[in-house]
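Hi everyone, thanks for coming.

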Amino acid sequence: MLLCEKGWLEMVKTIRMTQNDVQHFVDVTSRCDFDIDISYNRYVVDAKSFLGVYGLDFRVPLKVSYEGYNAQLEELLEKYALAC
């Protein structure tokens, strides 16, 4: 967790997924009523955008950043989580 500019806690999780997982990932993130970003290096996209997420490099770990709670999202991120 990180403290963001607005003073709220920002959750950051590192995941790995494949192109086959994109539709389900976007379906789950689209149901959340808060912003979710997915990124690697300096490339950041809206996690609710199918084309944005599909265009990512799935060979590298991806960072998911968000400022809210949704049980389905947490379950999904746990499924794709990288071991620390």
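Let's begin at Asn-41, which sits in the loop linking strand 3 (36-40) to strand 4 (43-46). Before we read anything into that, please keep in mind that this is a predicted model.

So what is the phi of Asn-41? It is positive, about 50°, even though Asn-41 is not a glycine. For background, most residues other than glycine have a negative phi.

Is Asn-41 buried or exposed? With a relative accessibility of 77%, Asn-41 counts as exposed, because the cut-off for that is over 50%.

Now step back into strand 3, where we find Ser-39. Ser-39 has a relative accessible area of 6%, so it is buried, the limit being under 20%. Which residues does Ser-39 touch, leaving aside those up to four places away in sequence? They are Val-44, Pro-61, Leu-62 and Lys-63.

Let's zoom out to the whole protein. It has 3 helices and 5 strands, and along the sequence they come in the pattern β-β-α-β-β-α-β-α. The protein has 84 residues, and 38% of them count as buried.

How about contacts along the chain? If we take those between residues at least 6 apart in sequence, 61% join residues at least 24 apart.

Last, the surface. The accessible surface of the protein is about 5,600 Å², and carbon and sulfur atoms account for 50% of that.

That's my tour, and I'm happy to go back to any part of it.

Definitions and conventions:
Residues are numbered from 1 along each chain as its sequence is written. This is a predicted model: local features need pLDDT of at least 70, side-chain atom pairs count only at pLDDT 80 or more; totals for chains, interfaces and linings use all residues. Side-chain values use heavy atoms; hydrogens and water are left out. Helices (H or I, at least four residues) and strands (E, at least two) are DSSP runs, numbered from the N terminus. Buried means under 20% relative accessible area, exposed over 50%, partly exposed in between (1.4 Å probe, protein chains only). Contact means heavy atoms within 4.5 Å. Accessible areas come from the Shrake-Rupley method with a 1.4 Å probe; for residues, only the protein chains shown count as cover.
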